[in-house]
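Subject: Structure handover and findings

Hello,

Here is the structure I promised to pass on. Please load it first, then read the notes below it.

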Amino acid sequence: MSEERFGEFVLVRRHEQGHVAELALDRPKAMNAVSTEMARSVAAACAALGDDRDVRVVVLTSTHERAFCVGADLKERNSLSDAELVRQRPVARGAYTGVLELPVPTVAAVHGFALGGGFELALSCDVIVADRTAVVGLPEVSVGVIPGGGGTQLLPRRVGAARAAELIFTARRVEAAEARELGLVDVLVDEGRDREEALVLASRIAGNSPVGLRAAKRALRVGYGLDLRAGLEIEDAAWRSVAFSGDRAEGVAAFNEKRKPEWPGE
C-alpha cells in the first residue's frame, strides 16, 4: 500500500495494485470540519484520482474514530467577512463537486457524525456504507443557511422530495438504523467495520472492467432524471463507447476461456 498527502488534511492510500484508492479525511483535531484549506485539498486529490487511469474505485474514509466529518468549519466561517465568504464559496464547492464528478465508482465509509457538509460528501458518493455509530443529517437551516454542498439536490434523489424536505426543514439528526431504513445510507455494518467493509466492496467492484465501470457510471449519472427515451439514448452512447474496446474483447475472451480477465483498461 502506498500513501500520498494532499495538503495537511487529506491522505490518499492505494490498495489492490493501485486500483482502489482511499481518500481519507485527516483533520482529527477538528473532527474533519471542512476548512478552506481542506476543501482545496479534497478537490486536488479528486482531480488527481480522476485523471489516474489505474484507479477503478475511490473509497472516502475518515481517520477520526468518532466522526466521518462534522461539516463546514464554522469557526473559520465566523471569521470571514462577506467579501471573503464570497471568494471562499467556489473553493468550498470544489470539494463537493470534486467527489461528485469522479468518473469512477465511489464508496463512502461512514461512522460517527456525518453532518452538514460531511453528509453531503457522503451523498456525493455512489454507495454509502455506515456502521451502527453513524449519525447523519443536514442541520444547516438551524444555523441560518441551507445545505450548500449538493444536499438539496442529492438527498431528494435518494429519498424523494417530501422525505428530503422533512429532513432538511427539521434539521434533525438521524441515527444509523433509521438512516438505513430511510435510504440515507445503503449498507449498515457492525460498529468499527465501515472502512473494512467499504474496501471489500470496492475490491469487488475493482475486479470489473475499468472501461465498463466508467461508462456505466456516466450513463447512470447523466441519464438520471431524464425521460426514458432520452435516458436510453444516453445509455446507447455509453454502450457504443465500450462495445469496441479492448476491455470488451478481453471480457468476452476470458468468459469463453473460463479464466479471470486481464483488463487492458482501454
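Lys258 is exposed, because its relative accessible area is 78%, and the cut-off for exposed is over 50%. This residue sits in the segment after H11. Its backbone deserves a look: Lys258 has a positive phi of about 55 degrees, although it is not a glycine. Most residues other than glycine have a negative phi. Please keep in mind throughout that this is a predicted model.

Met31 is another non-glycine residue with a positive phi, here about 50 degrees. Met31 lies in the loop between strand S3 (20–25) and H1.

Salt bridges

How many salt bridges does the structure hold? The count is 18. Side chains of opposite charge can pair when their charged atoms come close.

Arg5 and Asp26 meet through their side chains, at 2.4 Å from N to O. Arg5 counts as partly exposed because its relative accessibility is 43%. Asp26 has 14% relative accessibility, so it counts as buried.

Arg172 and Glu166 form another salt bridge, and their closest N and O atoms are 2.7 Å apart. Arg172 is partly exposed at 25% relative accessibility. Glu166 is partly exposed too, at 27%.

Arg193 and Glu196 also meet in a salt bridge, at 3.2 Å from N to O. Arg193 has 30% relative accessibility and so counts as partly exposed. Glu196 is partly exposed, with a relative accessible area of 41%. There is a network as well: salt bridges that share partners join Glu3, Arg13, Glu22 and Arg195.

Arg13

Arg13 belongs to that network. Its place is in strand S2 (residues 10–15). Is Arg13 buried or exposed? Arg13 counts as buried, because its relative accessibility is 15% and the cut-off for buried is under 20%. The side chain of Arg13 makes a polar contact with the side chain of Glu3, at 3.3 Å. Leaving out residues up to four places away in sequence, Arg13 touches Met1, Ser2, Glu3, Val20, Ala21, Glu22, Ala24, Thr63 and Arg195.

Helix H9

H9 covers residues 210–223, which is 14 residues. From its first C-alpha to its last it reaches 20 Å, close to the 20 Å expected at 1.5 Å a residue.

Which residue caps the N-terminal end of H9? Ser209 does, with a side-chain oxygen 3.3 Å from the backbone nitrogen of Val211. Just after the helix, Gly225 takes a positive phi of about 90 degrees.

The buried residues of H9 are Pro210, Val211, Leu213, Arg214, Ala215, Lys217, Ala219 and Gly223. What do the buried residues of H9 pack against? Their helix partners are H1 (36–51), H3 (82–100), H8 (194–206), H10 (228–243) and H11 (246–256). Strand S6 (106–110) is a partner as well.

Gly117

Gly117 is found in helix H4 (residues 117–123). With 6% relative accessibility, Gly117 counts as buried. Setting aside neighbours within four places in sequence, Gly117 is in contact with Gly71, Ala72, Tyr96 and Glu140. Gly117 and Gly137 are 20 residues apart in sequence. In space they are 9.3 Å apart, C-alpha to C-alpha.

Surface patch

Leu74, Val143 and Val145 make a nonpolar surface patch of about 270 Å². Val143 is in the loop between strand S9 (135–137) and helix H5 (151–159). Val143 counts as exposed because its relative accessibility is 52%.

Best regards

Definitions and conventions: Residues are numbered from 1 along each chain as its sequence is written. This is a predicted model: local features need pLDDT of at least 70, side-chain atom pairs count only at pLDDT 80 or more; totals for chains, interfaces and linings use all residues. Side-chain values use heavy atoms; hydrogens and water are left out. Helices (H or I, at least four residues) and strands (E, at least two) are DSSP runs, numbered from the N terminus. The expected span of a helix is 1.5 Å times one less than its number of residues. Buried means under 20% relative accessible area, exposed over 50%, partly exposed in between (1.4 Å probe, protein chains only). Contact means heavy atoms within 4.5 Å. A polar contact is a pair of N or O atoms within 3.5 Å; within protein, one must be able to donate a hydrogen and the other to accept it, and residues adjacent in sequence count only if both atoms are side-chain atoms. Patches are made of residues with over 30% relative accessible area and no salt bridge: like charges are joined within 9 Å, nonpolar side chains (Val, Leu, Ile, Met, Phe, Trp, Tyr) within 5 Å. Accessible areas come from the Shrake-Rupley method with a 1.4 Å probe; for residues, only the protein chains shown count as cover. A salt bridge is a side-chain nitrogen of Lys or Arg within 4 Å of a carboxyl oxygen of Asp or Glu.
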